[in-house]
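Please look at the model below with its charged side chains in mind.

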Amino acid sequence: MQQTHELANHNIVGFSGAKVLNDWPLKGGYTVKPTLSSSNGETVRQLTLAGNGIACLSGFMVKNNIENGSLVTLLQTEKINKSERELINAVYYKSSSVAKRISAFIDYIQPKLVL
């Protein structure tokens, strides 16, 4: 599959909770209507591994599966790289100062995150 319009011919495993996760980072914007859905990303991954359809998951979730061949990437030429879909945020109360342990953790984890 090389074109986004071909997705209509396949089962899609998507998200039931945060509907924004069904907006795939593809050129021209693409919102899918899942054939099968879950509110949990790991469940979406497992459903995809079991052959239930095509899913769009974060790189860190599927990196090992792609490397071992249990999942394959699709639509690479249509993918928008470094989209907001891949962001990770640290959330804390704005009205208080950030605890040193939180700052230390963020400083530690940030260079290790490879999406």
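Lys63 and Glu67 form a salt bridge in this predicted model, with their closest N and O atoms 3.5 Å apart. Side chains of opposite charge can pair when their charged atoms come close. The chain has two salt bridges by the rule used here, and the other one joins Glu42 to Arg45.

**Lys63 and Glu67**
- Both residues belong to helix α2, which covers residues 59-67.
- Because Lys63 and Glu67 are four residues apart in this helix, about one helical turn separates them.
- Lys63 is partly exposed, and its relative accessible area is 44%.
- Glu67 counts as exposed because its relative accessibility is 56%, and the cut-off for exposed is over 50%.

**Glu42 and Arg45**
- The closest N and O atoms of Glu42 and Arg45 are 2.8 Å apart.
- This pair lies in helix α1, residues 41-49, where a spacing of three residues puts about one helical turn between Glu42 and Arg45.
- Glu42 has a relative accessible area of 35% and is partly exposed.
- Arg45 is buried, with 14% relative accessibility; the cut-off for buried is under 20%.

**The whole chain**
- The chain contains four strands and three helices, in the order β-β-β-β-α-α-α along the sequence.
- Of the 115 residues in the chain, 23% are buried.
- Among contacts in the chain with a separation of 6 or more, 53% are between residues 24 or more positions apart.

Key. Residues are numbered from 1 along each chain as its sequence is written. This is a predicted model: local features need pLDDT of at least 70, side-chain atom pairs count only at pLDDT 80 or more; totals for chains, interfaces and linings use all residues. Side-chain values use heavy atoms; hydrogens and water are left out. A salt bridge is a side-chain nitrogen of Lys or Arg within 4 Å of a carboxyl oxygen of Asp or Glu. Helices (H or I, at least four residues) and strands (E, at least two) are DSSP runs, numbered from the N terminus. Buried means under 20% relative accessible area, exposed over 50%, partly exposed in between (1.4 Å probe, protein chains only). Contact means heavy atoms within 4.5 Å.
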